[in-house]
Amino acid sequence: MGTGGRASPQALERALAALLGRAPLSARSRKVFADHQSDNRFLWSFPRDWLPAPDDPAPLAALLSADLPDEIRRRWSDAPMIHVGFDGAARAGGADIRKLYLELPVTGDSSLAYLAVKCGARGDLHRYDALSDPAALLRDLALPAPFSAAAGALARASGDCLRVAEDGTGRLSIDIGLADLDPDAGLSAMLATLVAAVNPAALPPACWPSHVALGRDRGGEVFVTLYGWPSEDCP
């Protein structure tokens, strides 16, 4: 299952379920750019112990056509949870992307929370590090003023933030956890401001997301991604 061309996320989900012997947890997301947005995005999550041989990444790597970097292989058995992502091409002529994520325990010796790789692509690692204070990262992102203010307010309210960077590129973003927040009117307004600041034509979320990612992609383009929404219950 390579990354080029068009593919079916449903087929990938069925293949994962067949490998695991049960259906993984499924969630959707929406990624918003200034001139377009993508809804054909899925994330499947499961305990590593569900794999037929939990310490052997080969069957899952083969299913995803993934050439795993050495660091992914070294940290494989440290990950209690595995996540597989599907990002459908949002622009004409684009390619679908699959990603493999290791969810790692954050310790006093390491802030690394996730390690991810694009399957069948360049193989650059994406690193997700827990942040105690997101202020410096928000300054480094140099986001437009309304966007930056709303992002800072949500980050302070959350207290659950990750720094996301991709090796070898200028990709830099912040991931803000929202699942533990009570979505009152003020927080909902901040989230709507984030979306409108990137793309005024994009609809604000109809349901409260589990988390939001925002920043700049490898080309420097500003984006915001809402995870856990849309879904069947919240189109």
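Is the crossing of helix 5 and helix 6 left-handed or right-handed? The crossing is left-handed. This is a predicted model.

**Helix 5 and helix 6**
- Two packed helices are described by the angle between their axes and the distance between the axes.
- Helix 5 covers residues 145-158, and helix 6 covers residues 185-198.
- They pack at an angle of about 145°, and their axes are 9 Å apart.
- On the helix 5 side, the contact includes Pro146, Phe147 and Leu154.
- On the helix 6 side, Leu187, Met190 and Thr193 are among the residues met.
- The contact residues split into 13 nonpolar, one polar and no charged.

**Helix 5 itself**
- Its 14 residues should span 20 Å at 1.5 Å a residue, and the end C-alpha atoms are 20 Å apart, so the two values agree.
- Among its buried residues are Phe147, Gly152 and Ser158.
- The buried residues pack against several elements, including helix 4 (135-141), helix 6 and strand 9 (211-216).
- Gly159 follows helix 5 and has a positive phi, near 75°.

- Strand 2 (residues 37-47) and strand 3 (residues 81-87) are antiparallel and joined by seven bridges.
- Phe42 has Phe86 in strand 3 as its bridge partner.

**Helices on the sheet**

Conventions. Residues numbered from 1 in each chain as written. Predicted model: local features only at pLDDT ≥ 70, side-chain atom pairs only at ≥ 80, totals over all residues. Heavy atoms only, no water. Axes fitted to C-alpha atoms, helices over the stretch in contact; angles between N-to-C directions. Helix = DSSP H or I, 4+ residues; strand = E, 2+ residues; numbered from the N terminus. Left-handed = near helix turned anticlockwise from the far one by under 90°. Contact = heavy atoms within 4.5 Å. Nonpolar A, V, L, I, M, F, W, Y, C, P; charged D, E, K, R; others polar. Expected span 1.5 Å × (residues − 1). Buried < 20%, exposed > 50% of the residue type's maximum accessible area, 1.4 Å probe, protein only. Pairing = 2+ DSSP bridges.
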